[in-house]
Amino acid sequence: MQDPRSDFPADVPDRPELVRAERDGDVMVLTLERPEVLNCLSFPTLKRLRTLCYELAQDLSLRAIVITGAGEKAFCAGADLKERREMPLDRVPLFVKNIRRTMDDFEALPQPTIGAINGVAFGGGTELLLACDLRIAAPHAELGLTETSLAIIPGAGGTQRLPRLIGKARAKELILTAKKIGAARAEALGLVNEVAPAGKLLERALEVARAIAANGPVAVRAAKRAIDAGCEEPLARGLETEARCYELVLPTQDRLEALAAFAEKRKPRYQGR
């Protein structure tokens, strides 16, 4: 992953307050901090997100990443339409490129990522969730790729990631109708992994993140890579990808620690080496 800051116009500020980053042991929690506009994605927010992705990708002491939105109304309502209305026409393609690359950067993070859906997630908000490895929703959450109702199409990976996740026919239904669905329906479709109990969303997301963080870090990253790369290939080539990823864990100290811990009937102490 390359430093993304050169992709932005010089007058777009990098504002750390737009995305709060809080470390909790081996887990990083990112919070979109624009609740007054339903945490929508502005140019500066995209710059902050992409900069954080670049920085977090280098920090392999982090073992999992959770992303959520501030407040209880919204995870992210998509692109900042007020900003888009006032944006010079020649600048729009650059915005679209950066929103697309934000999702690509998030998907490319070596650490597993969990989207904690604390409210509405429409358009680019759902596309950001599709770039996560896992999704956990609050009971009142709503999701939808609503772009066709605005006479555009999902342009940040939605038309590609959604059908790979829930199937082509279901994805077409949601995208072509611009339908918004609740958390229970999203879980039934496989769009979210689970619905957390009311008031327990972040707690549950952190439980899952810590369960991931307790495992061998090199192995977790290798497994994520094997799934992401291998599932886009025919089975025979996917199995070759799996074999290459398996080779990454064989020389690690963590693998030897796992064997020693099993023999000594104790919990392993993984160092990520």
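These legends describe close-up views of a predicted model.

View 1. Six strands form an open sheet with mixed pairing. Their order is E1-E2-E3-E5-E7-E10. Strand E1 (19–24) and strand E10 (194–195) are the edge strands. Each of these two pairs on one side only. Strands of a sheet pair through backbone hydrogen bonds, either parallel or antiparallel.

**View 2. Strands E5 and E7 side by side.** Strand E5 covers residues 113–117, and strand E7 covers residues 134–137. The two run parallel. Four bridges join them.

View 3. Leu49 sits in helix H1 (residues 43–58). Its relative accessibility is 1%, so Leu49 counts as buried; the cut-off for buried is under 20%. Beyond its neighbours within four places in sequence, Leu49 is in contact with Val19, Leu32, Leu41, Ile67 and Thr102. Asp105 lies 56 residues away from Leu49 along the chain. The C-alpha atoms of Leu49 and Asp105 are separated by 9.0 Å.

View 4. Leu81, Leu150 and Ile152 make a nonpolar surface patch of about 260 Å². Ile152 belongs to the loop between strand E8 (142–144) and helix H5 (158–166). Ile152 counts as partly exposed because its relative accessibility is 41%.

Technical notes. Residues numbered from 1 in each chain as written. Predicted model: local features only at pLDDT ≥ 70, side-chain atom pairs only at ≥ 80, totals over all residues. Heavy atoms only, no water. Pairing = 2+ DSSP bridges. Patch = residues over 30% accessible without salt bridge, like charges linked within 9 Å, V, L, I, M, F, W, Y side chains within 5 Å. Areas by Shrake-Rupley, 256 points an atom, 1.4 Å probe, with all protein chains shown as cover. Salt bridge = Lys/Arg side-chain N within 4 Å of Asp/Glu carboxyl O. Buried < 20%, exposed > 50% of the residue type's maximum accessible area, 1.4 Å probe, protein only. Contact = heavy atoms within 4.5 Å.
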